[in-house]
Amino acid sequence: MKKKLGIILGIILFVSLLMGGKKYMDKKAVEKSYQDGMELVQNYVTDYLVKNYEGIEKIEWQGVGVEWRSSPTFGASILGNYVNSKARIFVSEKDFFIIRFTLTEEAEYDDNSKKYVLKDYLNPTNLDSIIEMEIGNTTRQLKEKDKLVFKNIKKNSSGSPNAQVIYNKEIHELTY
């Protein structure tokens with residue numbers, strides 16, 4: 001009797017481990033997909049900024065933030081989660097402004113190719129508007145003398161070829 005009970009408990013434990021392992025692997029696959037999608041955004045935005053704006057000293061990406069909206073029954077959802085990344089754009093060693101990007105706004109999942117593709121929304125006109133807006137938001141509360149350093153960043157075909165770029169695709173959970 002004890003032997004049968006041990007075998008049954010062993011089978012239950014084994015099945016539980018398999019189910020837990022599958023959920024873990026499914027979550028890792030979703031995370032990889034998010035990282036691939038945000039890598040597209042990070043590469044596109046970085047390339048555009050470095051080639052088209054002078055005065056950028058460093059672009060520092062802050063990872064991939066995920067707000068998990070997963071079902072206990074079905075696991076993580078590739079469509080229902082909030083995924084973003086933000087970049088600190090430094091105009092001096094200590095002065096920067098932040099630009100935020102949301103995966104669902106800038107890229108979409110293509111079922112046929114099984115990967116994210118950039119949307120038309122992510123284009124030079126929109127990026128230029130976002131940059132102007134974020135510089136305005138950053139400098140709004142500053143004194144006039146502190147705003148001067150942000151005037152160094154301007155659209156120019158010479159770009160910022162010497163800008164340091166730090167990419168980051170590490171997943172972190174968003175907290176509010």
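In which element of the chain is confidence lowest, and in which is it highest? This is a predicted model, in which local features need pLDDT of at least 70 and side-chain atom pairs count only at pLDDT 80 or more, while totals for chains, interfaces and linings use all residues. Residues are numbered from 1 along each chain as its sequence is written, and side-chain values use heavy atoms, with hydrogens and water left out. Confidence, given as pLDDT (the predictor's confidence in each residue, from 0 to 100), is lowest in helix α1 (residues 2-52), at a mean of 76, and highest in strand β2 (residues 58-61), at 97. Across the chain the average pLDDT is 84, and 82% of the residues score at least 70.

The chain has four helices and 10 strands, taken as DSSP runs numbered from the N terminus (helices H or I, at least four residues; strands E, at least two).

Of the 176 residues, 34% count as buried, meaning under 20% relative accessible area with a 1.4 Å probe, protein chains only, where over 50% is exposed and anything in between partly exposed.

Thr 139, in helix α3 (residues 124-139), counts as buried because its relative accessibility is 10%.
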